[in-house]
Amino acid sequence: MSTTSFPGFDCEHVFTLADLEHWQRREPSLAVIGQPIGHSRSPRMQNAALAALAGEAPELARWRYYKFEIAPQALPQALQLFHGHNFIGLNLTLPHKVLACAHVTHLAAAAAAAGAVNTLVRNPDGYTGHNTDGPGFARALLENPGAPLRDATIALLGAGGAARAIAATALSEGCSALWIGNRDSTRLETLLSALRKSFPEAAGRIRGFLLSAGIIPLPEIPTGAIVVNATSLGLKPDDPSPVPASFWRPEMCAYDIVYGSSETAFLRDARVAGAPGADGRSMLCWQGALAFELWTGRKAPVELMRQMLEG
Ligand code: NDP
């Protein structure tokens, strides 16, 4: 499959703050920003979607989606420059998702509940912060294992930016119980108290536990739980799973938001125990599709976007 759907346009080029300072293009632009960013497949996926819809919406033929490596300390300056250079939308990835909340002019409800943003939409004064990670996760779960979040028991591993978004979505969709496990106890407690404050009616259904490499035993998670890896373990092929193999029961489902070229230890252990699982490509696709819809106001070509991630 070609790496770009716009002839002559290089989706893989990584731009920098210096490029942004001298940006000449006046046409509508979009970008994903992070550090590192070279691995991101979002430009492939989003440019293909723009090109596919340009037939029915000719203005989209002038839009382009770029990738920028931006350090966290440069984020405020970069956002001002993006705004001035007609970047009508941005995606944010590590390490900007929490930091950017302080630099947007408005926060959508889902982003405020998550305390993190992954999608910015330009407004006359700056950017409005949205979070499509949580809703993207919910859509991915509906595909595989085919389960709605309503009434589900969720065991969420991790308390970082992605975990916050997933936790907020699970609670707002009415999950019956939410267990959150994390290695760092302070980060865990911060997330638990933020969630109990944002969702007071669900406070009794939120429980925390420590992930500590077998030193402290894991709690008895109900057997039908959907277990979600939202730690960064699994990014490297030899990473261990955040939970021991003995944790798994065949009645559980595994969803690993991490994705890569090989099966993670988390998904392998689940599979060996008879628990079905899926990796994070479906969430990546859906969070991108929902961002695309926020920017363009049009229905995203989800199957094409999925193909661009697989290739
Ligand atoms: P953060 O850096 O915000 O959070 C990382 C989390 O991983 C923390 O909870 C951290 O725990 C935990 N962690 C890191 N190393 C270990 C370890 N050795 N043992 C146990 N826990 C560990 O990252 P994000 O939340 O933004 O992203 C997490 C992962 O999710 C990344 O791999 C990212 O690529 C992926 N992701 C996938 C998406 C998708 O669409 N599929 C969307 C967003 C993210 P502690 O607090 O103890 O340090």
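Arg306 counts as buried, at 18% relative accessibility (buried means under 20% relative accessible area, exposed over 50%, partly exposed in between, with a 1.4 Å probe and protein chains only). The model is predicted: local features need pLDDT of at least 70, side-chain atom pairs count only at pLDDT 80 or more, and totals for chains, interfaces and linings use all residues. Residues are numbered from 1 along each chain as its sequence is written, and side-chain values use heavy atoms, with hydrogens and water left out.

**Exercise 1.** Find the salt-bridge partner of Arg306 and state which helices the pair ties together.

Solution.
- Step 1: Apply the rule that a salt bridge is a side-chain nitrogen of Lys or Arg within 4 Å of a carboxyl oxygen of Asp or Glu.
- Step 2: The partner is Glu143, with 2.8 Å between the closest N and O atoms.
- Step 3: Arg306 lies in helix α10 (residues 302–310) and Glu143 in helix α5 (residues 133–143), so the bridge ties together parts 163 residues apart in sequence. Helices here are DSSP runs (H or I, at least four residues), numbered from the N terminus.
- Step 4: Glu143 is partly exposed, at 36% relative accessibility.

**Exercise 2.** Describe the accessibility of each partner in the salt bridges Lys236 with Asp239 and Asp269 with Arg268.

Solution.
- Step 1: Lys236 and Asp239 meet at 3.6 Å, N to O. Lys236 is exposed at 51%, whereas Asp239 is buried at 11%.
- Step 2: Asp269 and Arg268 meet at 3.9 Å, N to O. Asp269 is buried at 17%, and Arg268 is partly exposed at 39%.
- Step 3: Elsewhere, salt bridges with shared partners join Glu143, Glu303 and Arg306 into one network.
- Step 4: The total count by the rule is 11 salt bridges.

**Exercise 3.** State where Met308 is found and how far its C-alpha atom is from that of Arg44.

Solution.
- Step 1: Met308 belongs to helix α10.
- Step 2: Its relative accessible area is 3%, so Met308 is buried.
- Step 3: The C-alpha atoms of Met308 and Arg44 are 6.3 Å apart, although 264 residues separate the two along the chain.

**Exercise 4.** Give the volume of the second largest pocket and sort its lining by residue class.

Solution.
- Step 1: The second largest pocket holds about 180 Å³ of space.
- Step 2: Its lining includes Leu218, Glu220, Thr223, Phe247 and Arg249.
- Step 3: The lining divides into six nonpolar, two polar and two charged residues.

Terms for this exercise: a pocket is an open set of points on a 1 Å grid over the protein atoms alone, where a 1.4 Å probe fits, with protein on both sides within 12 Å along at least five of seven lines; lining residues have an atom within 4 Å of a point. Volume is the space filled by probe spheres set on the points, which are joined across faces, edges and corners. Ala, Val, Leu, Ile, Met, Phe, Trp, Tyr, Cys and Pro count as nonpolar, Asp, Glu, Lys and Arg as charged, and the others as polar.

How values were computed: Helices (H or I, at least four residues) and strands (E, at least two) are DSSP runs, numbered from the N terminus.
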